[in-house]
Amino acid sequence: MKGIVSFCCFVSLLVLTSAEEEEDVIASTNILRDRSHIDKTLRLAFDDNAAESYNGFKLLDSWGCPIPHFKYIDSWGCPKPLGAALQKLRKIYHSAIKPMEQAYKYNELRAHEISDGEITSKPMVLFLGPWSVGKSSMINYLLGLKDSPYQLYTGAEPTTSEFTVIMHGEKTRSIEGIVMAADSSRSFSPLEKFGQSFLEKLLGIEMPHKLLERVTFVDTPGIIENRKQQERGYPFNDVCQWFIDRADLIFVTFDPTKLDVGLELEMLFRQLKGRESQIRIILNKADNLATQDLMRVYGALFWSLAPLINVTEPPRVYVSSFWPYEYAPDTSRDLFKREEISLLEDLNQVIENRLENKIAFIRQHAIRVRIHALLVDRYVQTFKDKMSYFSDPDLVFKEIVDDPDKFFIFKSILAKTNVSKFDLPNREAYQDFFGVNPINTFKSLSAQCSYTGGCLLDKIEKAITSELPGLLGSINPSKPPPGLSSCETTGCGEKPKNRYRKN
């Protein structure tokens with residue numbers, strides 16, 4: 001009898017202890033976390049009584065007094081001197097780069113058409129990852145949307161089925177995808193090519209928020225490995241690629257329970273190839289684990305991702321819990337707080353370098369357009385050289401396209417121009433390109449010159465070697481233009497000789 005009584009007392013004690021622990025957990029999850037470090041790290045708290053600066057521009061009037069916020073911020077949310085630089089960047093693109101794009105149909109090769117809205121757009125932060133890992137919760141936390149009418153819906157089940165674009169606006173409202181795509185002033189009009197089924201899965205949310213004045217967030221549907229892509233009703237991978245190509249920062253989010261890599265996630269990392277410098281891995285919900293278990297999960301995450309990220313230096317991994325509530329008790333709170341601040345500093349760096357990144361992106365795009373034009377010109381010249389009076393044009397050109405190495409198409413570009421072999425596109429891409437665009441529709445580069453407008457090649461060379469680096473130097477004269485000194489790919493240092501120009 002005493003044994004039965006003792007066992008009952010022991011069970012009661014366990015129940016009381018577990019109930020107390022559960023109450024502690026519930027209490028900790030009901031306490032909202034302090035967000036003051038977010039405003040401080042991202043420099044969102046604006047003080048009219050202090051002199052502010054942006055990328056070297058001192059925001060003072062002629063008397064040395066601080067200029068009020070509305071007087072120096074333009075419609076794009078950046079200081080007016082930088083707005084003028086964006087206008088100049090747009091002018092360089094339209095006068096020097098776009099004509100070459102159109103003449104050699106570059107957009108049909110890369111399917112990346114740059115609009116005015118994309119040139120003047122704010123930095124874009126893209127959230128990718130499996131379902132229910134905390135992507136939407138992280139956006140709610142960064143923007144302080146907890147318990148607001150427009151907080152993103154979250155839950156343990158797959159909740160986000162749309163591509164949600166969170167951007168700045170004068171008032172809080174939602175915008176249908178069809179309206180976003182129809183508005184040419186925005187940078188989302190090219191999304192119409194993915195069809196009406198996708199536009200129904202595209203949603204925009206505008207709200208007045210200081211952080212959204214400087215950046216745009218994009219929340220994506222979670223990756224579900226047991227669902228075929230065709231069941232989504234639109235080309236999911238193609239849409240992801242569109243956003244990846246335009247994102248300034250990409251957060252790939254995981255949680256400790258979803259570290260497995262399936263076919264759809266593997267395809268996603270293939271699409272991220274070449275964008276490793278913009279990828280940040282986030283191990284979210286880290287306070288759900290004890291320290292020892294967290295170390296094991298961290299190692300398992302690297303083990304899963306190692307075959308997918310083929311770079312010497314892996315992307316930065318942030319370990320924390322990004323949601324509005326306090327960290328779970330008896331966890332590494334100081335570590336999580338430092339990791340969170342490091343991520344915010346990383347985000348702020350992207351925001352601060354907005355215009356530099358935009359100029360570097362346009363310059364990289366110009367280099368690709370130039371290489372494409374040189375290759376098409378080489379195909380045209382080879383076709384003309386191999387044609388004779390009795391030759392069949394289709395058979396001659398098929399032989400050239402099927403085996404370009406036989407005619408030294410790519411090697412001649414490397415030998416006679418300042419082009420790096422690492423910048424050359426795939427040979428197979430030109431088989432599809434010329435399958436749609438007949439060779440006789442293109443003129444040689446030497447024929448793309450006029451007495452009034454000059455040569456297209458000269459214009460794009462000037463933009464790559466002098467105009468764009470000069471624009472970058474003008475907005476930040478205190479330091480040399482980063483990443484724009486590679487003479488191996490552009491031939492900077494002296495003006496490239498245009499061997500295609502008519503004498």
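**Reading helix packing and cores**

A: Let us begin with a pair of helices, in which V350, I351 and E352 of α13 meet R354, E356 and N357 of α14, where contact means heavy atoms within 4.5 Å and where helices (H or I, at least four residues) and strands (E, at least two) are DSSP runs numbered from the N terminus. This is a predicted model, in which local features need pLDDT of at least 70 and side-chain atom pairs count only at pLDDT 80 or more, while totals for chains, interfaces and linings use all residues. Residues are numbered from 1 along each chain as its sequence is written, and side-chain values use heavy atoms, with hydrogens and water left out.

Q: How is the geometry of such a pair described, and at what angle do the axes of α13 and α14 cross?

A: Two packed helices are described by the angle between their axes and the distance between the axes. Here the axes of α13 (residues 333–352) and α14 come within 4 Å and cross at roughly 65°; axes are lines fitted to C-alpha atoms, for helices over the stretch in contact, and angles run from 0 to 180 degrees between N-to-C directions. The residues of this contact divide into two nonpolar, one polar and three charged, with Ala, Val, Leu, Ile, Met, Phe, Trp, Tyr, Cys and Pro counted as nonpolar, Asp, Glu, Lys and Arg as charged, and the others, Gly among them, as polar.

Q: At what angle do α14 and α18 pack?

A: The angle between α14 and α18 is about 170°, with their axes 10 Å apart. The two helices are therefore roughly antiparallel to each other, a term for angles over 145 degrees, whereas those under 35 count as roughly parallel, 65 to 115 as roughly perpendicular and the rest as oblique. Among the residues making the contact are I359, A366 and V369 of α14 and I460, I464 and L468 of α18, and by class the contact has 15 nonpolar, no polar and four charged residues.

Q: Which residues have the most contacts inside the largest nonpolar core?

A: In soluble globular proteins, nonpolar side chains tend to be buried together. The largest nonpolar core of this model has 52 residues, and those with the most contacts inside it are M100, Y379, Y430 and F434; such a core is a set of buried Ala, Val, Leu, Ile, Met, Phe, Trp, Tyr and Cys residues joined through side-chain atoms within 4.5 Å. Of the elements in this core, α14 gives the most, with 14 residues. M100 touches V369, A373, L445, L456, L457 and I460, not counting residues up to four places away in sequence.

Q: How many residues of α7 are buried?

A: Buried means under 20% relative accessible area, exposed over 50% and partly exposed in between (1.4 Å probe, protein chains only). Nine of the nine residues of α7 (residues 135–143) are buried, so this helix is largely enclosed by the rest of the structure. After α7 comes G144, whose phi is positive, near 65°.

Q: Is R275 buried or exposed, and what does R275 touch?

A: R275, found in the loop between α11 (263–271) and β9 (279–283), is buried, with a relative accessible area of 14%. R275 touches I244, D245, R246 and A247, not counting residues up to four places away in sequence.
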